[in-house]
Amino acid sequence: MRTKIAIQGIIGSFHHQVAQEYFGNDIEVDECLSFEELVDSVLSGKSNQAVMAIENSIAGPIIPNYALIDKNNLHIVGEHYLDIHQNLMALKGQKIEDIQEVHSHPMALLQCMEFLKKHPNIKLVEDKDTAETARRIHEKQLKGIAAIASKTASEMYDLEILAPEIQTINNNMTRFVIINKEEKFVEEDEINRASIKFELDHKRGSLAAVLNVMSDCKLNLTKIQSLPKIETPWKYSFFVDVTFDKYEDYAKAKSLLEIMAEYFKVLGEYKNTKP
């Protein structure tokens with residue numbers, strides 16, 4: 001029985017590409033048009049694991065996804081980085097001058113904004129998924145509408161690339177995490193990255209003290225993001241990613257943070273694969 005992986009989007013999307021690169025081609029995918037649907041697929045057992053975009057080198061972290069992982073007590077068990085190459089595509093035989101609207105995922109539109117600014121006559125329309133937009137243009141034979149998606153999507157849905165590589169910054173990379181319903185055992189000597197969440201007492205110096213502990217324990221803080229606690233005004237949760245050379249350094253920091261924080265939670269401990 002093949003492993004079933006939940007992806008946000010459809011076949012031909014960047015999530016699909018990551019699933020194949022991480023798990024291999026011999027997988028079955030569950031196409032989900034929202035991250036909430038993706039989480040439900042894992043929680044219900046419909047899928048074994050899921051691929052979820054978590055941050056982009058241009059647009060930054062996707063904080064609602066950290067919140068989804070936390071809220072549903074899912075576990076980050078791995079990560080994968082993907083170079084993102086965005087292309088403008090439409091039905092064959094058209095030119096850019098013929099395009100009235102560009103449909104794509106909000107993140108894709110944001111990543112290509114410098115190119116899109118050069119065509120102010122084209123209306124930008126946010127959509128759920130890059131590849132799904134390409135498929136819809138093909139299935140409904142929509143003229144005057146273009147998609148921003150991968151080269152694979154253009155090939156799968158028989159669209160012509162009107163402008164290749166239109167991302168604003170060539171070194172455009174998205175980090176994806178692999179999420180699981182259960183914790184996955186990883187040897188300590190292979191773990192050199194962790195995603196954690198903590199809440200602190202609202203007083204001067206509390207965050208600085210935590211950051212000092214991380215520094216003293218030789219942790220490299222790669223991301224920190226605060227998210228307000230809706231039920232408690234002016235109180236924040238902090239989502240943090242750290243890397244480290246020795247697991248014992250991280251274990252020491254973790255034991256100290258569990259004492260210092262009002263609330264502490266590990267979202268995942270796994271292998272750092274940053275290129």
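Buried means under 20% relative accessible area, exposed over 50%, and partly exposed in between, with a 1.4 Å probe and protein chains only. Strands (E, at least two residues) and helices (H or I, at least four) are DSSP runs, numbered from the N terminus.

This is a predicted model: local features need pLDDT of at least 70, side-chain atom pairs count only at pLDDT 80 or more, and totals for chains, interfaces and linings use all residues. Residues are numbered from 1 along each chain as its sequence is written, and side-chain values use heavy atoms, with hydrogens and water left out.

**Exercise 1.** Find how many residues of strand β11 are buried, and which way they point.

Step 1. Take β11, residues 173-180. Eight of the eight residues are buried, so the strand is largely enclosed by the rest of the structure.

Step 2. Sort the side chains. Met173, Arg175, Val177 and Ile179 point one way. Thr174, Phe176, Ile178 and Asn180 point the other way.

**Exercise 2.** Identify how β3 and β5 pair with β11.

Step 1. Pairing requires at least two DSSP bridges between two strands.

Step 2. β3 (residues 49-56) runs antiparallel to β11, joined by seven bridges. Here Val51 stands opposite Ile178.

Step 3. β5 (residues 75-83) is also antiparallel to β11, over eight bridges. Tyr81 has Arg175 as its bridge partner.

**Exercise 3.** Locate Asp158 and Lys218, and state the phi of each.

Step 1. Most residues other than glycine have a negative phi.

Step 2. Asp158 has a positive phi near 55 degrees. Its loop lies between α7 (151-156) and β10 (160-163). At 40% relative accessibility, Asp158 is partly exposed.

Step 3. Lys218 has a positive phi of about 65 degrees. Its loop lies between α8 (206-216) and β13 (220-228). At 62% relative accessibility, Lys218 is exposed.
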